[in-house]
Every structure is written in structure tokens, then in C-alpha cells.
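Biologist: I would like to learn how to read this model one feature at a time. Could you take me through it?

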Amino acid sequence: MQNEIIPDDVKKAVARAQYRKTLREPVVARRQAISELMRPLRDDWQHEAEGKPRGVQRYDGTAVLALDQAGASIYSMLTATDNIWAPLEFEEEWRKDDADARAWINEVSRIVFRSLDPARDNFYNDAPETILDAIGLGDGVFYSSRAPGSNQFHSKAIPWREAVFDVGPLGEVTHFDRWYAEPLWNLAELFGEEALPERLRKQLDQQPNEKHQLLHTVYPNNGSNRVSSMHRFVSLYVLADGSAPLSWGGYRDMPYYVARWGVGSGETYGLGRGILALTDTQVVNEMSRTSLRQAQRVAEPPMAASDELAGIVSLDPNALNFGALDERGNQLLRPIDTGGNLGITLEMADQRRQAIKDAFYHAMLSLIGSPTPSVVEILKNDERRDQSMGPSLSRIINEFFAPFIEGRYRELLRAGRIPPAPEMAAGAALKVRFVSPLAKAHKAQAAQATLQTVRGVAEIAQVDPSARHVINGKRAAKRVHDGLAAPDDILNTEDEIAALLQAEQQQQEGAQMLDTAERGSRAVESLARAEQAAGQGQQ
């Protein structure tokens, strides 16, 4: 591709991406300070060379460890690598009553989650990084797509420093710009040498490892002639300066997912817990630095010496210093007492460290306070956790996990890996049902309440039998099943229930008829014996 006149649609796409980038600038300074102290693997904001020192010097790791623990705990609460933690189900629940439809939706869920297996996708390796970014910085970004004609998915967590985005009224990502750098040889492999401008092709042999800034912008397809109408989004790879478009393409679903921890009114970018812990982290980092210097002064104090000892005193271990005593035995070399109190500094730092841990829900996630917590303590802790983190966890589910699972299903459907739907499931709307550890804990409370109610009514029914009519047994059984998140295939369909009820009714009717026949037979026998006895009496 020659360095010719840049098309108007390229100019417009790059100009709008640059404008969106300027809107992000007020957030960058705050995020950079958080990254330097809490996300050391994410603080390379300027794509600095490997091996070059980055950011501030850290003297305390409390914030890094607290954020890491919070991210691991919350990720484990929302997902479970060893089972299907977010199966698909029908929006119309009556469809589950059909055995074929239920078997089909269960198989679809298994196919979707098999595609997340580490051998097929990188989801379980990179999704925790997205959650960490969301908690600490406010936004976690995840990319997932499938190359046309391939059965493999490419998924990865995107560093927030590379991400610029805009969202719609429902929190969905409508525009996404990724500003990043790639070595020249990789650009040639990704897009082909012929797509590179002439000046880069000339550098390819001499400077293949030189990195060049790149922009990947994805925006809604409003009638672009670059992609087909079946694509909802246009994809453009272009050099960051807009001088050369490298590749056009399209997506049917937005490949970038953004998980925001908290969102201020009218804000686009999220607010993480890191901003709440930033001041304490900065203070404790400086206090730790001061404590280290003070401890060094205690271990190696500055010395006060007489002018006579200038240049002849050795402070090496086991050194002999002749002349360090005067004729009266007084020391001519003494440590200088700075008067510092290291204990107070350490106590104040510990208070700040606890504040940092509290910002990341350390006590609630670790259940600190009792080595063997009771059931009541666990339930109360879960309630406090839900009150504190509930809105943020719901947002991560609604903005990241649920759209991701739904998008993965649609992509597998387009790839022909979803079996044909039976008649009852054809054209049915689907939704994601979370059965993660956190979702199970929420629903288990409803199941326990249902069981307690049924037990209570059963006890009352022993005194007043009419009380048993208060409970609808089928509804209660379904509520317990849903609350305990048991597999759907253990339930009978409505047709199977009807058949079982009919069989029971026929069995009862048969038993009733047999009982009636037996009673009739005994009555006839009794009458015959009575007649026989009467006849013998007459004789």
C-alpha cells in the first residue's frame, strides 16, 4: 500500500478516537497514581522499554496484597472453573417443561463452557486480571473474538492504559479504541507487508523490533461500505497518527467488554476501591520509607567524634580505634541520639494499613474475628458483604460476564457448533442464569426459608389438618430446587408429572376396587355362614 491520500472515513474515525482519548485525560492522572502503588504490573503508562525502572519506589506492599486478595476472592465468588457457573436458560420458563427442550438447553450450556476450557481459550487465565483492574482502578477490559473459519477463540485482558471507550444508556460498550504498540515484524505478520506504508517496509529488514503505535477502533456500523450490513460494528486498524490504515473488518458483537466497579452520576469511566485507599497508601508508603531510614539510623547511628579523630576512625565491625578515649577514659566517639520514636511510627503505619485493608473488604472476605465462626456469624457476614458489594458485583455481572456468555453462545451458533433446537425451543429467547458460589449463596437463603416454612406448616397441620392446604407442594419444591441451584435434568416435566399422577390415581383406584371386592367377598362369606348357621338351627 502506497502512502497515498488518506480516505475521509479513516480521517473521521481517527479524529473521533482522538477526541474520545482527550475526554479520558482527567482520569489518567488518578489512575496512574493508583497503578503505581497498587497494580505494579499495570503502571507502564508510557510503554517504556523493558528493564527501565517504572513509577514510584514502593516501600510497603499492603495495598498490593489487599487488592490481590480481594480480586481472587471476588473472582472465586462469581465463577467456578470446575462447573457450569452461568448456564443458559429459556426466558419463558414453561419451555423447560418439554423434555427435549430442556435436554437441548443443558447441552448448549455444556458446549458454551467447554469452549472456555484452558485448552481452547484463555478466559480463565486473563479474566482474573480484568476483575483486579475493575476493583482497583474502576474499569476492567476484556477482549474476546473468533477468527472467521476457526474454532479457536482469542481472549485476553486489556490493560486499562490502552483502553478508551464510550457506553450506551444501558451500560453497553458502543465505541472502543485501543491505543497500543507492536513491533514492526508483528505488524507485517498481522496485516501483511503489502499493507504497510513504504517507509515501514524499508525499515522492516533493518529495525524489525522497533515498536510503532497502533489504533484499533471499533464503532457502530451506520451504513459503512467497508463491511457487510450483517456486521453491527466496524473495525479499523490504523497507525496511531492516522497516516496509514492497515485493515478493515467487522464484528457482529462488540468484542471488547468493560467491567466497571462503580460509576458516578454522568460518568463514563468507573470508580474502583483504589481511589478510596489511595491517600492511606501514599501515606503508609512514605511512613514505611521513613521507618526504614529511622531503623537504619538506630542500627548505624551517626557518630559524634573529636576533631582529633578526623580521618582515623573506622566504623567497621570489630574495628580497633586507638585514641578513641582521652586520658580520663572518656569516649571521644559517641552515637548521636536523634530522639526519634520508631514505635509510634510503626503504630501509626499499622492503623493506615488497616484502613487500606478495610477499603478492599479484607475483614468481610476473610471472616476475621473468630477462628471457628458459627453459622449465624457466617450468615451475618454474608449479609454485610451483600450490602456493601452487591451493587458493584451486579454491575460486573451485567456488564461483563452475562454479555460475554451470551456473545459466546451466538458466536458458537454462527460457527455451527450448537445443535439444532427442538420444536419447543426453536426461536426461544435465552438468558444467563448465574449459579456461581455467590449466586448460590443468595438463592440458598430463599430455599432455606421455603424449607423452614414447609416444616412449620407441617407441625401446625398435626394440630389443624386444614393447614396443609396453605402450601402448594409443587411450587415449594421448585423454589427449593432453584434456590439450591440443582441441575434441571433432575426435575420431571409437566407431562411426566401428569403421567405419574395418573398412574398413582389408577393404582389407587385399582387398590380401592380390590378393597371393595375383598369387602364384598367377606360380606358374602359372612352372609353364607349366617344362612348356614340359621339352617342348622332350624334343624
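This is a predicted model: local features need pLDDT of at least 70, side-chain atom pairs count only at pLDDT 80 or more; totals for chains, interfaces and linings use all residues.

Biologist: How many bridges join S7 to S8, and which way do the strands run?

Modeller: Two strands pair if DSSP finds at least two bridges between them. Helices (H or I, at least four residues) and strands (E, at least two) are DSSP runs, numbered from the N terminus. Here S7 and S8 run antiparallel and are joined by six bridges. Their hairpin has five residues between the strands, and glycine 242 in it takes a positive phi near 75°.

Biologist: Which residues of helix H5 are buried?

Modeller: In general, an α-helix has 3.6 residues a turn, so residues three or four places apart point the same way. Buried means under 20% relative accessible area, exposed over 50%, and partly exposed in between (1.4 Å probe, protein chains only). In H5, residues 184-191, the buried ones are Leu184, Asn186, Leu187, Ala188 and Phe191. They pack against S5, helix H6, strand S6, S7 and S8, where contact means heavy atoms within 4.5 Å. Glycine 192 follows H5 and has a positive phi, near 90°.

Biologist: What is the nearest side chain of opposite charge to glutamate 182?

Modeller: Lys and Arg count as positive and Asp and Glu as negative, while His and the chain ends are not counted. A salt bridge is a side-chain nitrogen of Lys or Arg within 4 Å of a carboxyl oxygen of Asp or Glu. Glutamate 182, in strand S5, is buried but has no salt bridge, and the nearest opposite charge, arginine 178, is 5.3 Å away. The side chain of glutamate 182 does make a polar contact with that of asparagine 186, at 2.7 Å. A polar contact is a pair of N or O atoms within 3.5 Å; within protein, one must be able to donate a hydrogen and the other to accept it, and residues adjacent in sequence count only if both atoms are side-chain atoms. Beyond neighbours within four places in sequence, glutamate 182 touches Leu187, Glu210, Lys211, His212 and Leu214.

Biologist: How many salt bridges does the structure hold?

Modeller: Side chains of opposite charge can pair when their charged atoms come close. The structure holds 24 salt bridges. One of them joins aspartate 133 and arginine 39, whose closest N and O atoms are 2.9 Å apart. Aspartate 133 lies in helix H4 and arginine 39 in the loop between helix H1 and helix H2, 94 residues apart. Both aspartate 133 and arginine 39 are buried.

Biologist: Why is aspartate 253 called buried, and why is arginine 414 called partly exposed?

Modeller: Aspartate 253 is buried because its relative accessible area is 13%. Arginine 414 counts as partly exposed because its relative accessibility is 30%. Aspartate 253, in the loop between S8 and strand S9, and arginine 414, in helix H10, are 161 residues apart. Salt bridges with shared partners join Arg146, Arg232, Asp253, Arg410, Glu411 and Arg414 into one network.

Biologist: What percentage of the 539 residues of the chain count as buried?

Modeller: The figure is 40%. The chain's secondary structure comes to 13 helices and 12 strands.

Technical notes: Residues are numbered from 1 along each chain as its sequence is written. Side-chain values use heavy atoms; hydrogens and water are left out.
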